[in-house]
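Open the model in your viewer and keep the sequence panel beside it. We will go from stop to stop, selecting a few residues each time.

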Amino acid sequence: MPAISSPVFDLPSENGGKDFGIFMPIANGGWILSTTAPKIDGSYDYNRRAALLAEEIGLDFIMSMAKFRGYGGANRQWDVALDSTVLMSALAAQTKRVKIWTTFQTLLHNPAVVAKMIATLDQVSNGRAGLNVVPGAFRDEFAQMGVWPETLGHDARYDYASEWMEAIRRLWEEDGEVTLDGTYVKLDRCISEPKPLQKPRPFIVAAGQSEKGMEFAIHNTDALFIGGRDDAEMRTISRRAKEKARAAGRRLRTYAMAIIVQGETDAEADAMMDVFRDGFDAEGFRNMLRAYGVIDAEIGKENAMTARARTGFMAPHIAGSAETIVRRIEQVIDDTDLDGLMLIFPDYEDGLKKLARNVLPALRARYGA
């Protein structure tokens, strides 16, 4: 496998700090399967306001997913979703400092096309672009477009993604024509100009914690989003990924997601949680289970996201007063050896403003800016 560099990026984690960003509300319904949660419409206007607030309060990155089929139900969860890269390019032109990370699914996009699109995003953002790579897939989402590869299993999809990433890196980093004769990816004297502004390349991130997914991240990315049923499981995954990366001569950051439900007091936050739970969208949840396969036969266990969504929350959540949230975030980061968190909110405008007042300053003081 070709060696991948570990460049220096303008992030707090380069100097012992922690990276904090947001998962953009690119799809309707947000990350809470509930009819009583605040209404997130997934519109450009809503995302624009969230991005400008993230920039204003000093967050490090904004990242958007790519979604082509939602889960329906009473909430029509994720049935309406913007295109990740078109949105992020528009937001890049309106921000000046925050990192702009967009998502591509390897099975949908030719790597030479992606190389040029990210290089363009890097110009638009003046060197702030990043690539979130998704080698996995959900059958229904791809089959509706006629692009589900029936013969490409879980491990083979990561083999394909490794060649896909090799093609993109070479097109970014090598001058002149690039030829690649891979099992899955072919380049024949391919030209890709312009190059990204970032040298040798933009930031690359992925998610996944199967053995194959972790190996892909170690050899192809700068950061890995991980999950777990509890802190102990996340700690095991985080440390294992970093140890394996060090053995391969690379540096790999680990990040996690968290939904932040902040009240003036713990009791107020708990009351908000009760309201969200009362509106649990059971139909949307069942549809999501069908999309994920409930028990993932390819890795042999239930997906942590689907297990957690039985409560209505599609990511780990932290609820309480500002002081409680700060303590819990510090506990999670310290216990699980994370390099940062990607934050989600029931209401992004309200949540980001509260974060800026009395949570983010404490985290910056604790972990550095």
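This tour visits a helix, a cavity and some backbone details.

**Stop 1: helix 2**

Please keep in mind that the model is predicted. Start by selecting residues 84-92, which form helix 2. Which residues of helix 2 are buried? Colour S84, T85, L87, M88, L91 and A92, and you have them. These residues lie on the same side of helix 2, because they cover an arc of only 160° around the axis.

Now show what that side packs against. The partners of the buried residues are helix 1 (44-57), strand 2 (61-63), strand 3 (99-105) and helix 3 (111-124).

Before moving on, show the side chain of D83 at the start of helix 2. One of its side-chain oxygens comes to within 3.2 Å of the backbone nitrogen of T85.

**Stop 2: the cavity**

Next, select F9, L11, K99, W101, G127, R128, A129, Q198 and F203, the lining of the largest cavity. The structure holds one cavity of 30 Å³ or more, and about 40 Å³ of space lies in the largest. What classes of residue make up the lining? Five are nonpolar, two are polar and two are charged.

**Stop 3: two cis peptide bonds**

Move to the loop between strand 6 (186-190) and strand 7 (203-207), where you will find P194. P200 lies in the loop between strand 6 and strand 7 as well. Display the backbone from E193 to P194: this peptide bond is cis, with omega near 5°. Then do likewise from K199 to P200, where the bond is also cis and omega is again near 5°. These are worth a look because most peptide bonds are trans.

**Stop 4: two positive phi angles**

The last stop concerns phi, which is negative in most residues other than glycine. Select N126 in the loop between helix 3 and strand 4 (129-134). N126 is not a glycine, yet its phi is positive, about 60°. Is N126 buried or exposed? With 63% relative accessibility, N126 counts as exposed, since the cut-off for that class is over 50%.

Finish at D337, in the loop between helix 11 (322-336) and strand 13 (340-344). D337, too, is a residue other than glycine with a positive phi, near 60°. Its relative accessible area is 30%, so D337 is partly exposed.

Terms used:
Residues numbered from 1 in each chain as written. Predicted model: local features only at pLDDT ≥ 70, side-chain atom pairs only at ≥ 80, totals over all residues. Heavy atoms only, no water. 1 Å grid on protein atoms, 1.4 Å probe; cavity = no way out; pocket = protein on both sides within 12 Å on 5 of 7 lines; lining within 4 Å. Points joined across faces, edges and corners; volume = space filled by probe spheres on them. Nonpolar A, V, L, I, M, F, W, Y, C, P; charged D, E, K, R; others polar. Buried < 20%, exposed > 50% of the residue type's maximum accessible area, 1.4 Å probe, protein only. Helix = DSSP H or I, 4+ residues; strand = E, 2+ residues; numbered from the N terminus. Arc of directions from axis to C-beta. Contact = heavy atoms within 4.5 Å. Polar contact = N/O pair within 3.5 Å; in protein donor to acceptor, adjacent residues only side chain to side chain.
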